[in-house]
Amino acid sequence: MTAPDSTTTIDLVARFPDFVTADARPGFSGFIVKKENLVEVATTLRDEFGFDLLSNVTGVDYLADNKMEVVYHLHRTTGGPGLVIKVQVERVDPVEVPSLIDVWAGADFQEREAWDLMGIKFIGHPDLRRILMWEGFEGHPLRKDYKEAFFEEEVKPFKSRWPDGKHTYAEFKNPFRDNLKFPEGFDPDKYAPQSEDDLYFSLERSSMKKEEGDLNTDHIVVNMGPHHPSTHGVLRVAVELDGETITSLKPVMGYLHRNHDKIGERNTYLQIIPYTDRLDYFNSMANNFGYVTTVEKLMNIPVAERAEYIRVIMAELSRVQNHLIFIGMLINDLGSMYTPSLYAFEERELILDIFEAVSGARMMCNYFRFGGVVRDIPEDAMQKIKDLVFDRLQAKTDEMERFLNENEVLVARLQGVHVLNAEEAIHHSVTGPVLRAAGVPYDLRRADPYSVYDRFDFDVAVRYNGDMYDNYLIRFDEIRQSLRILEQALKQIPEGPINSQKPQYQVRVPAGEAYGRIESPKGELGFYVVSNGKPNPYRYHVRAPSFVNLTAVETMCKGVKIADFVALLAMLDIVMGEVDR
Amino acid sequence: MYGKGILKGLGVTLKRFIDTYLDDISWWMQGKKRYYTTEGVAHRSSKNTRGIFTVQYPEEQLIQPEEFRYIPFLIHDGDDKKDIRCTSCGICAKVCPPQCIWIVRTNDPQTGKPVPQPAEFYIDMDICMNCGFCAEYCPFDAIKMDHDFAIASYERNVYNLEKLLKPASYYAEIRPLNYNKEEEARKAKEAAKAAKASAAATATPAA
Amino acid sequence: MEENKYEGLNLPNYNIPEDIQNVVSITTLDRLYNWGRRWSVWPLMFGLACCAIEMIAAQTARYDMARFGMEVMRPTPRQADMMLVSGTVTKKMLPSIIRLYNQMPEPKYVVAMGACASSGGPFKEGYNVVAGIDKFLPVDVYIPGCPPTPQALIAGMIKLQEKIDKQSIKKVRWYEKGKVDSNYVPMPILGPDLIDVRRNAEYKEAAAKKEGVA
């Protein structure tokens, strides 16, 4: 499990001896590809070697070596370990790398993010605008030489806190008394803010055929959000409409961009754990899980046996409540305010009670540590978990199904509305229930087992129609499977220590890189961490399932009615904390 | 039949509605009070809850588990706020993820050497992310997470030493299990120390 | 509840005969106004981040804010009385928040829920985070916590009700003479960084002195 998960079987150097070299840095793996041949290598990998899923694209800024690196993590939807390819370019502006959007459409938003935050220009990308920040923002924040207005020190802990830590607001250290900085000679009176024309031009304006005698009509552009009751948080979508039919749309995000990566690179490894809670705030346990798995891979340490089971129990409970909320919120979006979501929230509250009892907080659990978990499950909480799993959740899921599944209005709204088919979903790097509802049995708990998932007997939920009704039903299937895993885990859980390591607030992480991924309720949640042996990660990147799944939203929604769009968006089950990070 | 699914769903809603009154009646028959009692709240948070689910804060409150954490506080032994457990070692300030803890260490006015006592201690409650690391990694059991959540105010909250200090008895009250465990560990440590000291005392005259 | 004296519409110390208590009330205009306000604070249906989920949870069956007359979440600012800033305020989102606030009719209250809305919280150091919504809007109640539990949120709402109780029509910020404009906050502009148009002169001065430049 802890071995580097790439380059296991494929010898890419033998295939392309002229422009591929193995990454020989200690602790690193994968292949370095010449940028001129990137597209060729990528196409070969997809077509010949079967790496059909582009998991992750991100950049690393090696300031000292004057290099920028773009890292691609590839996987097969048939399962198994992944492959890493990298492109290294000189760090001179503009940093240019060919775009892979034609090979994998899933590269779209991830490349835009790398452009926005790292300033890497992807040549051939048709719509390379900023994605998380706004057009006109000064600088590329994830570059190592970018300093924020409230910049204090390169890494935490800050020296001003102890031993002579007089409290001051960060504002008082900034000349503007605020979180602001401006380029030299900036004159606000003469500044004209950039218009959003680029966004609107990026909408595919389909020319309307007009014949003699036709009414003079035109497409209109509607902005939904960022304050919109059903875009699941502060997402904005620019929609072009022909009557009520969507002809083109672009999501606009970044309204909740909280600089997770940048803050993460300043934090120590331990300090990142509570920040991961705030990624997908419905599933803090799953986020913890993904992050600690990745760092454990880097540190190469074992996990206490009992802790593995506790982790699985927590992650599965969190999946159950996430899917229940999904169902409640979906019905909310379809126009039935409240009742189903109130029922869903009841069960969620009971599950959150358990989280509160074991970790101390309802939502932001901060429960996992490297090598195990914080504390053992208290006895009364253990009893409560058993009560819920064996006696209640099953019955309540049945009740929910009885309540909704046959409802004629619901069925009429959901059945036959196409979401994605398998090719489209894989091409756009969509993972999670949406991919499985399109007939691809790709579940990381099976495809690339982590933790102790290989010890449980469960089925990967799959449905084949790929319409909204299947997407809705698959959530119930997954709840059932989660309950199955929970039942087995609760019966098998061994006694013993809950952490293989001593509690320590500063962990030693050897230099190297690791990409860890887990099956979060929303899809493949990946963490890419580069360590240089210091107490803080050199590069820390989150591959958020909600963010990557959004890539497919344009394909999903073209040609559907605007009323269905809200429901289709609900299908992706996005959480803005994770989309914008 | 068209509409059957809707009727089925409505049946579920009706059942939930009736459940409340069934429970009301059965509690009444047993002569127990269902509302405004700890027993009632505990029942409503258990696996057997059905029907009404509301816990009417502030008249009744959810039962907080021992591990519940909200904001940190500092512990002092005894009644006055002089015997502070904190030694200003700074581990909490170092481990704090959003760096919201500020500590000024006391220096002995004569020698200028540090004294294990904080001179000033601030926590910016508007930055604190309630993660509980400070309490988890404190080697002296000096900082703990509070259960009190009703702390909304009309201005920003920066807590100083005065506001942060709470007696050990309060801690024992909100976290009895942890408190007892820590006290036992401390007593064992002191006993070991005393045993060592007495062993040393008996050993010295012989030498 | 007896200890909550402010809840009633009647002024204390006036004894109304029991048989007409249901029909007659002796009160002041302020008290009538506040009584109406405090029991019908309609929040804007507006969530920003993690805190929004706890806000939703507070609306659901277990906590049920309807008991305080706060269940009517209005998606449009035109019908809302209270803006519950529930989560991290980013620079990119700020213009929209200010616009929503400007569109709300008086009386309007702002509650900063959680650490992020109060001061930027754990994300304060970030380049895209506004260090507290109170830099732009007049905040009535700050609720610490990350996120505040639903009960803590309700405790904050009770605090807001207490504040409303003590208000006087003459002195509230939206009726006070000469202060009408304080309800309108000029829209900030997204430039190289967030530009608060009220402070343009300051920025210019700092730029001239080459302070805080990139």
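Predicted model: local features only at pLDDT ≥ 70, side-chain atom pairs only at ≥ 80, totals over all residues.
## Domains of chain A

In chain A, domain 1 spans residues 12-123 and domain 2 spans residues 260-580. Taken over C-alpha atoms, the centres of these two domains of chain A are 27 Å apart.

The two domains touch: domain 1 of chain A contributes 22 residues to the contact, and domain 2 of chain A contributes 26. On the domain 1 side, three elements of chain A supply at least two residues each, namely β3 (53-62), β4 (67-75) and α3 (107-118). Of the elements on this side, β3(A) gives the most, with six residues. Sorted by class, the side of domain 1 of chain A that touches domain 2 of chain A holds ten nonpolar, ten polar and two charged residues.

## Contact between chains A and C

Chain A also meets chain C, in a contact that takes 53 residues from chain A and 51 residues from chain C. On the chain A side, the elements that give two or more residues are α5 (260-266) and α9 (339-359). The largest share comes from α9(A), with four residues.

The side of chain A that touches chain C has 28 nonpolar residues, along with eleven polar and 14 charged ones.

## Domains of chain B

Chain B is also divided into two domains, with domain 1 covering residues 4-44 and domain 2 covering residues 72-175. The centres of domain 1 and domain 2 of chain B, taken over C-alpha atoms, are separated by 45 Å.

Technical notes: Residues numbered from 1 in each chain as written. Chains lettered and ligands numbered in written order. Domains from an automatic or database assignment. Contact = placed C-beta atoms within 7 Å. Nonpolar A, V, L, I, M, F, W, Y, C, P; charged D, E, K, R; others polar.
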